[in-house]
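I record what I looked up, entry by entry.

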Amino acid sequence: MQNNRYNHMGIHFAIRRADESDVPEIMTIMNEAKNDMAHPEWFVADDENYIREHLQGKGYVIVAESPIGGIAGFFVVKYPEDEENLGTYLEFDREQLAHVAVMDSAVVGSVYRGNGLQEQMLEEAESLLDKEKYYYLMCTIHPDNEFSRNNMESHGYKVKKIALCYGGLPRCILLKNLRKC
């Protein structure tokens with residue numbers, strides 16, 4: 001499935017579900033983000049195995065294709081295991097935990113930033129969810145990352161808690177409850 005979207009400047013990006021052939025470009029963008037962050041504590045990079053696990057059923061990955069070819073950005077959605085379920089931070093019970101999907105990582109290549117791709121990929125990621133099974137959508141964002149936080153809040157995510165995650169890094173825990181929307 002592919003959605004053709006245009007940003008505010010009229011540039012066309014194809015937003016689609018990733019496949020195995022996209023992994024090398026996804027990892028290039030991941031490594032670029034890891035190496036060029038003005039605030040390295042804002043972003044925790046994943047490895048190639050992590051991306052492949054999500055392509056094979058632990059979730060899925062959305063990509064934005066550039067109009068000149070190649071991947072401009074990606075967005076990982078995770079179906080969390082018990083120990084990595086963000087619902088535990090909000091003291092969800094076992095039933096609630098079973099309905100959590102994590103909007104896990106969003107990265108846009110540096111030359112494509114400012115084109116609204118994080119928002120477009122989020123919208124596509126949400127549209128592909130089985131909303132009967134996954135209706136608690138969660139994510140983490142560094143408290144100082146106003147761009148990502150504003151983007152998620154504008155899509156109905158609300159900060160529910162600030163906690164230490166990923167080995168002690170401060171993160172806002174955001175929740176969007178589709179059953180209340």
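Residues are numbered from 1 along each chain as its sequence is written, and side-chain values use heavy atoms, with hydrogens and water left out.

**Entry 1. Histidine 12**

I looked up histidine 12 and found it in strand E2. Helices (H or I, at least four residues) and strands (E, at least two) are DSSP runs, numbered from the N terminus. Histidine 12 counts as partly exposed because its relative accessibility is 26%.

**Entry 2. Confidence**

I checked pLDDT, the predictor's confidence in each residue, from 0 to 100. The protein chain has a mean of 90, and 92% of its residues reach 70 or more. Over residues 4–8 the value stays under 50, and there the model has 17 contacts beyond four places in sequence. Contact means heavy atoms within 4.5 Å. Where pLDDT is low, the predicted coordinates should not be read in detail.

**Entry 3. The nonpolar cores**

A nonpolar core is a set of buried Ala, Val, Leu, Ile, Met, Phe, Trp, Tyr and Cys residues joined through side-chain atoms within 4.5 Å. Which residues of the largest core touch the most other members? I found that they are Phe75, Met103, Leu117, Met121, Leu129, Met152 and Tyr157, in a core of 25 residues. At least two residues each come from strands E2 (12–17), E3 (59–65), E4 (71–78), E5 (100–108), E6 (136–141) and E8 (169–177), and from helix H4 (117–128). H4 gives the most, with four residues. Another core lies apart from this one; it has 16 residues, including Met27, Phe43, Val61 and Val63.

Beyond its neighbours within four places in sequence, methionine 152 is in contact with Met103, Gln118, Leu122, Cys139, Ile141, Tyr157 and Leu174.

I also looked up leucine 137, whose place is in strand E6. Leucine 137 counts as buried because its relative accessible area is 0%. Setting aside neighbours within four places in sequence, I listed its contacts as Ala101, Met103, Glu126, Leu129, Tyr157, Leu174, Leu175, Lys176 and Leu178.

**Entry 4. Two helix pairs**

Two packed helices are described by the angle between their axes and the distance between the axes. Axes are lines fitted to C-alpha atoms, for helices over the stretch in contact, and angles run from 0 to 180 degrees between N-to-C directions.

For H4 and helix H5 (residues 146–153), the axes come within 10 Å and cross at roughly 40°. H4 and H5 are therefore oblique to each other; angles under 35 degrees count as roughly parallel, over 145 as roughly antiparallel, 65 to 115 as roughly perpendicular and the rest as oblique. Gln118, Glu119 and Leu122 in H4 meet Phe147, Ser148, Asn151 and Met152 in H5.

For helix H1 (residues 23–36) and helix H2 (residues 48–58), I found axes that come within 10 Å and cross at roughly 135°. H1 and H2 are therefore oblique as well. Val23, Ile26, Met27 and Met30 of H1 make the contact with Glu48, Ile51, Arg52 and Leu55 of H2.

**Entry 5. Loops**

Serine 66 lies in the loop between E3 and E4. Is serine 66 buried or exposed? With 7% relative accessibility, serine 66 counts as buried. Beyond four places in sequence, serine 66 is in contact with Phe13, Ala72 and Tyr112. Glycine 69 is also found in the loop between E3 and E4, and at 44% relative accessibility glycine 69 counts as partly exposed.

Most residues other than glycine have a negative phi. Glutamate 91, in the loop between E4 and helix H3 (94–97), has a positive phi of about 60°. Glutamate 91 counts as exposed, at 69% relative accessibility. Tyrosine 166, in the loop between strand E7 (158–165) and E8, has a positive phi near 50°. Tyrosine 166 is partly exposed, with a relative accessible area of 41%.

How values were computed: This is a predicted model: local features need pLDDT of at least 70, side-chain atom pairs count only at pLDDT 80 or more; totals for chains, interfaces and linings use all residues. Buried means under 20% relative accessible area, exposed over 50%, partly exposed in between (1.4 Å probe, protein chains only).
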